[in-house]
Amino acid sequence: MTTNNETTPIFGTSISERDVIMKKLHDNPVEPDVAYRLVKDQLIDEGNARQNLATFCQTYMDPEATKLMAETMEKNAIDKSEYPETAKLETSCVNILGDLWNAPDSERIMGTSTVGSSEACMLGGMAMKFRWRHLAEKRGLDIQAKKPNLVISSGYQVCWEKFCVYWDIEMREVPMDMDHLSIDTDKVLDYVDDYTIGIVGILGITYTGKFDDIKALDDLVTTYNETHEHELVIHVDGASGAMFVPFVDPELAWDFRLKNVVSINTSGHKYGLVYPGIGWILWRDKEYLPEELIFDVSYLGGVMPTMAINFSRSASQIIGQYYNFYRYGFNGYKEIHTRTRHAAETIAKAVQKSGYFDMINMGDNLPIVCYKLKEDADVEWTLYDLADRLLMKGWQVPAYPLPANLDNQVIQRFVCRADLGENLADELIHDFNQCLEDLKHARILYHDKGEVKTQGFTH
């Protein structure tokens, strides 16, 4: 066995001669400082998360929050009997969100933390399916005659496709077009029948940052329910918008103020400003969460109700969410999100000023900057070439086609998060303009002008 003297420099150790990526375990332990340095170095050849403008996920938290989360990673979120104070923080977060989302009765809301908003979407979809099945059976509907369906814009996030596959639901996509870059409320009821478990309204489509008109959906559903025995309901996928809108546009009616909105999910790790992965889902009333989806679990000497799909997981993200709520308060979140929107608007104006692009989102709705090349832009380069140039400056910016029916249209998107301060926004604008200038004089371009693909993570 080869050993290393305690005084051997890290890069003089025998283990440093080997590839860090293993196909099987090596035989002997490695000193912790050596293991730390070599694994950390393995991660050097990645982008800087702060310059990743593809992701909505939070890339900065207060050092105090990071410390608190690191000190509580060993707490198991599912074990509420052993960690009752942590359970109180989770309940407090649910109550805070219920207040932000204008729940009509704080005593009747139901909610839970989840592993990101994808699990929350699964729970919201399951609750709609189970409730639909109960009511359909009472009405005498043959629930075996057809597969139940879910109605959603074609701009959905992939978690909804997963839900429909996992739980055997037909996904009915309301197609988007350039005049309707959110759900087309003129057509949505064409996709509804007695087997529809619900409509999903999206408060922040990942492709463009646009909002579905939840108020218009609610009006349509109200009219439908007045003339049909089948009760239609709305779930709002607020993965990005539900932790943004209450602070910057509190008058917008999208939440539990609308009587047909029965459940809402959000990502705490997006505009809730927590590191990945923490999500939340709330139901406006116990009526909309079927009892068979709530399990009483005997665990470590206690009995606890659980409605999440996952079981054991660290409570550190829940504690991080509570820290943010406690630390920032309403006005803190408002100041952060307002400044983030201003950064997006500043960047959007610079992109527009270049003259090459048609703007799809100027930072309204979510603080997203989204654009496409003008049809008459007299350039040889593509958005994929621009993405390559920006990556040379460290900026990770996706270029990708829009969903079905628009999949020949390539767009590009900047996601502005809370850690994109005005100084970084100014640097991005400088680099963006420099990249345009470089492309004008480029002798070699890598991408064909007719190329349609996804480059960069878009969700």
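Predicted model: local features only at pLDDT ≥ 70, side-chain atom pairs only at ≥ 80, totals over all residues.
Figure 1. Residues are numbered from 1 along each chain as its sequence is written, and side-chain values use heavy atoms, without hydrogens and water. Glu231 forms a salt bridge with Arg131, with 3.2 Å between the closest N and O atoms; the term denotes a side-chain nitrogen of Lys or Arg within 4 Å of a carboxyl oxygen of Asp or Glu. Glu231 lies in the loop between α6 (214-227) and β5 (234-237) and Arg131 in helix α4, so the pair ties together parts that are 100 residues apart in sequence. Arg131 counts as buried, at 10% relative accessibility.

**Figure 2. A network of salt bridges linking Lys146, Glu170, Arg172 and Asp193.** The side chains of Asp193 and Lys146 meet at 2.8 Å, N to O. This pair links distant parts of the chain, Asp193 lying in the loop between β3 (170-174) and β4 (196-202) and Lys146 in the loop between α4 and β2 (149-153), 47 residues apart. Asp193 is buried at 17% relative accessibility, whereas Lys146 is partly exposed at 37%. Arg172 forms a salt bridge with Glu170, the closest N and O atoms being 3.2 Å apart. Arg172 is buried, at 16%, and Glu170 is partly exposed, at 32%.

Technical notes: Helix = DSSP H or I, 4+ residues; strand = E, 2+ residues; numbered from the N terminus. Buried < 20%, exposed > 50% of the residue type's maximum accessible area, 1.4 Å probe, protein only.
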